[in-house]
Amino acid sequence: TDLDAKNFFDATRGVFRQNQFGGTVGGPIKQDKLFFFSDYQGTQTTQGITSPVSTVLSAQERTGNFSDALSSLTGTVSGPYAASQLTQKLGYSVTAGEPYFTPGCTSATCVLPGGIIPAKAWSAPAQHLLQYIPAPNIGTNLFSTSAFPETVKDHKGGTRLDANTRFGTISGYYFIDDYQLDNPYPGGQGGASVPGFDALTIGRAQMLTVGDTKVFGATTVNEFHIGFLRNVNDIGHPNGGVGVSLASQGFKTGGGAGITVQDPSIEGVMNIVFPSFVMGVPITNTFQWNNTIYASDTVSKILGSHSMKFGVQFHNDQVNENPNATFNGTFSMLGTETGSPFADFLLGFPSNFTQSTGQHFYLRNQYMGAFYQDSWRATSNLTVNVGVRWDLIRPWNEKYNNIQTIVPGAQSVLYPNAPPGLLVAGDPEIPKGLSPTQDHNFAPRIGLAY
């Protein structure tokens, strides 16, 4: 931290600390028979992240006084519903098409004389959510800070065992990596660009592999490997702002004319997109876990002037994903009603509201390969290398056939109301992977060394 400079727009210098530590240990467990080796490394980092320079409500606008931004109030009342709502809140007649402000206007000729939005006209959500929008700290209406750091905690380690046995040299290795990233501005997951709505990315990677190398006589060696890889990630999990119910923020909930909370576990401060910043909990975080099982066996053999090698390989891959498809909703405030996004916010006129649902997704894939190669010393100064490889790669498929393809003019049997041409895996002549598996992928090769 002491060697860092303060960023130009920051009032204070952001913190930066990194600690990295670890060690290794190894040795024999049984003399000339069994050995071990282990390692560990830990990393902990705290680093101030400067938030984007955002245009926020000025101190005057936070009271509903937009006299410092009259040029932004260029809109007109969008229709009878908006006019009715404004009439009830303001206490004087408002008509569709009436301008929100014109120079020198009164309540009889515009909606907001002097650019003032009285507190009685504020929407209930605006009254509760204004506290989450930071006050300007650069000039009259700009905000930026580096006071909220990004933190990383990473712990990884591995252990290897090697044994000399009558079955050959057997090796086993296990590796694990646990990490956690706390991101104060999780924009990659549709999250906030202002403080208070950090998100966690938590992961664990593991690998377990066992190998056996066996010598048969003086000319043959067999190498066998089997292993399992697993990678689990909770990406952009909401942390800051969680636990605040939508009802307590002034929103109607429970379906009908209200918002249905589809994931109560991450219910929190509503995600709202302004032209210059985003506030609220992230909306596109995801939980994903991937598994791979693999095995291979290779035989090496020397036969006279020939050095041959042949073998097979297999792996089965799984990609499993549980996405947050904007389960609890997001609003956009773009100024489509009054011309000012912040005036729209106070009055309760969003440009749009988006909410969707999503389903779990489980991709599957299998691969198998085989090869043969021969390095033949034809003469004392000429070596011929020949070989061939065969690959069998199944197209990716979804465990529950939740993938689709297009066949012009065809009609789905499984979903007869689907648009013509849109078919899914399981329809006649549509395999799980949408396309057939090719079984003739041969790759011959030849090389000369003189």
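Select W289 first: at 18% relative accessibility, W289 counts as buried (buried means under 20% relative accessible area, exposed over 50%, and partly exposed in between, with a 1.4 Å probe and protein chains only). This is a predicted model, in which local features need pLDDT of at least 70 and side-chain atom pairs count only at pLDDT 80 or more, while totals for chains, interfaces and linings use all residues. Residues are numbered from 1 along each chain as its sequence is written, and side-chain values use heavy atoms, with hydrogens and water left out.

The structure holds 11 aromatic pairs (rings of Phe, Tyr and Trp, the last by its six-membered ring, pair if their centres lie within 6.5 Å; planes under 30 degrees apart count as stacked, over 60 as edge-to-face and the rest as tilted). One of them, Y132 with F197, has ring centres 6.1 Å apart and planes at 50°, so the pair is tilted. Y132 lies in the loop between α2 (124-129) and β4 (142-143) and F197 in the loop between β6 (168-183) and β7 (199-216), so this pair ties together parts that are 65 residues apart in sequence (helices, H or I with at least four residues, and strands, E with at least two, are DSSP runs numbered from the N terminus). W289 and Y362 form an edge-to-face pair, with 6.2 Å from centre to centre and 65° between the planes. W289 belongs to strand β11 (residues 286-303) and Y362 to strand β15 (residues 361-379), so the pair ties together parts that are 73 residues apart in sequence. Y362 is likewise buried, at 15% relative accessibility.

Keep Y362 in view and show K399: the charged end of K399 sits over the ring of Y362, 5.9 Å from its centre (NZ of Lys or CZ of Arg must be within 6 Å of the ring centre and within 35 degrees of the ring normal).

Next, colour strand β15 and its partners. β15 pairs with strand β12 (residues 306-323) in the antiparallel sense over 16 bridges (two strands pair if DSSP finds at least two bridges between them). To locate this pairing, select G311, whose bridge partner in β15 is F371. Strand β16 (residues 382-393) also pairs with β15 in the antiparallel sense, over 12 bridges, and W376 stands opposite V384 in β16. A hairpin of 2 residues joins β15 to β16. With strand β17 (residues 397-398), β15 has 2 antiparallel bridges; here L363 stands opposite E398.

Centre on F345, whose contacts include L130, I133, I272 and M333, not counting residues up to four places away in sequence (contact means heavy atoms within 4.5 Å). Ring pairs also link F345 with F274, F277 and F342 into a cluster.

Finish at C105 and C110, which are joined by a disulfide with an S to S distance of 1.9 Å (a disulfide is a pair of cysteine sulfur atoms within 2.5 Å). The link is right-handed, with 60° about the S-S bond. C105 is buried at 11% relative accessibility, and C110 is buried at 0%.
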